[in-house]
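Subject: Structure for you to look at

Hi,

Here is the structure I promised to pass on. Please open it first, then read my notes below.

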Amino acid sequence: MAKYGLKRGIKGSKAQHKSTSEHYRDLLEQTETLQEIKESVETDIENHIQKRDEIKEEYEEVKTKTEQKQDELFALKQDKAVQTVKNISAEVLGKGLSKISNLLDDKKAKEYERRIEGLSKDKEELKQENSRLKKELQNLYERFPFLESLQRI
């Protein structure tokens, strides 16, 4: 190197120079170490990819099960709502029937029924009386024709 004008090293330096064979031996060791690290990283990546795929499959299964459970829950809620409406309807109907039954069994209702029957009989009697009076009036008109003219005045 001196023939090219290059100087090697610094005078008084404690730096150690390696021979070419040492340099290549170290380089080969580093390459082997890097190769091992590369293989280890590739194995880790493959394991992580496999783990990711497994997790993805589990996620899809959980997602499907969740959707199924949500559908079941929705159906149950609908069934419960329908049942609630049926129960409320039955309760309202029961209360209505109970009130009707109470009305029918009520003493006042029976008293009103008796009054209605009595009034119906009175009405019928009044119709008969009215009919009888009409006939009697007709007889009077026939016997005394001048009465008809008096009625119009």
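What percentage of the 153 residues of the protein chain count as buried? The answer is 1%. Buried here means under 20% relative accessible area. Keep in mind that this is a predicted model.

**Overall shape**

The protein chain has three helices and zero strands. From the N terminus on, its elements run α-α-α. The radius of gyration is 59 Å, well over the 15 Å that the globule rule gives for 153 residues, so the chain is more spread out than a compact globule. The C-alpha atoms fill a box of roughly 180 × 40 × 25 Å along the principal axes.

The accessible surface of the chain is about 15100 Å². Carbon and sulfur atoms account for 56% of that surface.

The chain carries 32 positive and 32 negative charges. Their mean positions lie 6 Å apart.

Helix α1 covers residues 20-105. I37 sits in this helix. I37 is also part of a nonpolar surface patch, together with L34, V41, I45 and I49. Together these five residues have about 440 Å² of accessible area.

E36 counts as exposed because its relative accessible area is 55%, and the cut-off for exposed is over 50%.

K38 is another residue of helix α1. With 44% relative accessibility, K38 counts as partly exposed. Now compare K38 with K7. They are 31 residues apart in sequence. In space, their C-alpha atoms are 39 Å apart.

**Salt bridges**

How many salt bridges does a search of the whole structure find? It finds eight.

- R52 and D53: their side chains meet in a salt bridge, with N to O at 3.1 Å. D53 is partly exposed, at 33% relative accessibility.
- K69 and E72: the closest N and O atoms of this salt bridge are 3.7 Å apart. Both residues lie in helix α1. They are three residues apart, which is about one turn of the helix. K69 is exposed, with a relative accessible area of 54%. E72 is partly exposed, at 42%.
- E111 and R114: this salt bridge has an N to O distance of 3.8 Å. R114 is exposed, with a relative accessible area of 52%. E111 is partly exposed, at 33%.

Why are R114 and E111 separated by about one helical turn? Because they are three residues apart in helix α2, which spans residues 107-143. The pair also belongs to a network of salt bridges that links E111, R114 and R115.

**Where to start**

Finish at the network of E111, R114 and R115.

Best wishes

Definitions and conventions: Residues are numbered from 1 along each chain as its sequence is written. This is a predicted model: local features need pLDDT of at least 70, side-chain atom pairs count only at pLDDT 80 or more; totals for chains, interfaces and linings use all residues. Side-chain values use heavy atoms; hydrogens and water are left out. Patches are made of residues with over 30% relative accessible area and no salt bridge: like charges are joined within 9 Å, nonpolar side chains (Val, Leu, Ile, Met, Phe, Trp, Tyr) within 5 Å. Accessible areas come from the Shrake-Rupley method with a 1.4 Å probe; for residues, only the protein chains shown count as cover. A salt bridge is a side-chain nitrogen of Lys or Arg within 4 Å of a carboxyl oxygen of Asp or Glu. Helices (H or I, at least four residues) and strands (E, at least two) are DSSP runs, numbered from the N terminus. Buried means under 20% relative accessible area, exposed over 50%, partly exposed in between (1.4 Å probe, protein chains only). The radius of gyration is taken over C-alpha atoms; the globule rule is 2.2 Å times the number of residues to the power 0.38. Lys and Arg count as positive and Asp and Glu as negative; His and the chain ends are not counted. The place of a charge is taken as NZ of Lys, CZ of Arg, CG of Asp or CD of Glu.
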